[in-house]
Amino acid sequence: MIIKFIRGLLSERTDDYTFHSSTRNNLYFDREVGLYIHIPFCKSMCPYCPYYKVFYNKELSLRFKSALISEIKRFYNNSKKCITSLYIGGGTPTLMVDDLGTIINEFNKHFNLDEMLAIETTPGDITEDKIKILTNIGFRFISIGVQSFQQKYLSLIGRNYDSNKAIRTIELLKNYQFDTVNIDLIFAFPGETISELFSDLQRAVSFYPDQITCYPLFMFPYSTIGRFKKIKKLKMPPHHLRRKMYYIIHDFLKDSGYVRSSVWSFNKADTKPYSSVTRDYYIGFGPSAASYTGKGFYFNTFSVTEYIKTVPYRKPIALEMKVSEKMEKLFWLYWRLYQTVIPVKMYNTLFGKDIYEDFGRIFRAMRTFGFIQKEDDDGIVLSKRGCHWVHLAQNYIALNYVSKIWSTFQKNPWSERVEL
Ligand SMILES: C[S@@+](CC[C@H](N)C(=O)[O-])C[C@H]1O[C@@H](n2cnc3c(N)ncnc32)[C@H](O)[C@@H]1O
Ligand code: SF4
């Protein structure tokens, strides 16, 4: 309700936030884009995880690889524009480590992807041999989903490794030449105490990784953990404790030499953030991958078998939403708020308009509520309080919008309509 209300205030009357079924053959765009590939395989299913994935099976993964290569060929046959990065996510992309070289080569025939290849994985699937293959292919950014160093929480969320394996994985990664190694942690587990949070942060900082990302545990209603009554009954930390934890993370990581790079992430000075979601425009490959061209938002079908069947004929887009100029500006602002710095001049260059003319009301409200720490020609920087509120909005949006789209697709891989 609140988000709809705010959206109504900032959008045009005619703006419609509804996805409709799509029969597009391909996507066309005329600007720099980031690329994302979704590899939908895992060896174990974590009950809290909302992302689209199926159990790994070699035969299916090979059929998927051929389909993916067709989707990539279709893309570059139609587009010769500049690529800013390639992120491979999932799922557990390193399960297909032996095929990643072929997939990347397909892009490298047309684009120079050196220095901007990124991948995510879990300690449960990393070995030194795999790290060697990844660095040989040219991956420069890696994100590792540690989640916690405490066995009771790893067990609670169904992870298939122990904290020693998580530690060994980070130590191994530190021996290789990545530009950025990111460690994902989860906080606000049911029953988690402040001293347990400190213990995870201290352990993470002891490796001094390039980046640390801390997500609160999202209870997506359609994920197993969301449906599982017994776990639902476990007491989630109340709002005031979650806020306290959020502030502790902010203070602790700043005092340990990190700089905030998004509402969830902190980086060592002079490192480039690992961030799969903050490109201005992006094209997604693989089942469930999203694309955003500034003119439209698109989702590929969420079923890997439907994906394989469809790709020989067209880009497997199931849903699309038209994006008006006002919506494009609003999405841009949303992701800059996520990065906690709004580069005001960039807006003027991109949209040919003064950002204060378009969004003056938002900035006035932010000033009134103490959400802004600094405001000058370089940009608007969010305060700690501002970051917390944007993080709450992110929680809300993740739980509502993402849930709506993903739960609809779970029921029907070619859903016809989703109203946000
Ligand atoms: C989808 S995972 C992919 C990486 C890898 N498969 C793994 O499990 O670590 C990416 C990150 O999303 C975060 N994540 C996934 N589900 C979440 C949830 N329900 N709440 C908070 N964070 C979540 C985790 O921190 C995880 O490292
Ligand atoms: S959290 Fe990672 S390993 Fe677990 S099911 Fe999700 S994608 Fe797979």
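Trainee: Which residue forms a salt bridge with Lys152?
Mentor: Start with the general idea. Side chains of opposite charge can pair when their charged atoms come close. Now the case here, in a model that is predicted. Lys152 pairs with Glu196, and their closest N and O atoms are 2.7 Å apart. Lys152 sits in helix α5 (residues 151-156) and Glu196 in helix α7 (residues 194-206), so the pair links distant parts of the chain, 44 residues apart.

Trainee: Is Glu196 buried or exposed?
Mentor: Buried means under 20% relative accessible area. Glu196 has 14%, so it counts as buried.

Trainee: How many salt bridges does a search of the whole structure find?
Mentor: It finds 20. One of them joins Arg140 and Asp179, with the closest N and O atoms 3.4 Å apart. Arg140 is in the loop between α4 (128-137) and β7, while Asp179 is in the loop between α6 (163-174) and β8. The pair therefore ties together parts that are 39 residues apart in sequence. Arg140 is partly exposed, at 26% relative accessibility. Asp179 is partly exposed too, with a relative accessible area of 26%.

Trainee: What links Glu325, Lys329, Lys353, Glu357 and Asp358?
Mentor: A network of salt bridges links these residues.

Trainee: Next, the sheet. In what order do the three strands of the open sheet run?
Mentor: The idea first. Strands of a sheet pair through backbone hydrogen bonds, either parallel or antiparallel. Here the order is β16-β18-β17, and the pairing is antiparallel. β16 (341-342) and β17 (372-376) stand at the edges with a single partner strand each, so one side of each has no neighbour in the sheet. Four bridges pair β17 with β18 (residues 379-382). Look at Asp376: its bridge partner in β18 is Gly379.

Trainee: Now the ligand. How many residues surround ligand 1?
Mentor: Read the shell, then the contacts. The shell has 19 residues, and the closest are Gly91, Gln147, Arg159, Asp184 and Phe218. By class, nine are nonpolar, seven polar and three charged. β6 (117-121), β7 (141-147), β8 (180-187) and β9 (211-216) each supply at least two residues of this shell.

Key
Residues numbered from 1 in each chain as written. Chains lettered and ligands numbered in written order. Predicted model: local features only at pLDDT ≥ 70, side-chain atom pairs only at ≥ 80, totals over all residues. Heavy atoms only, no water. Near = heavy atom within 4 Å. Nonpolar A, V, L, I, M, F, W, Y, C, P; charged D, E, K, R; others polar. Pairing = 2+ DSSP bridges. Salt bridge = Lys/Arg side-chain N within 4 Å of Asp/Glu carboxyl O. Buried < 20%, exposed > 50% of the residue type's maximum accessible area, 1.4 Å probe, protein only.
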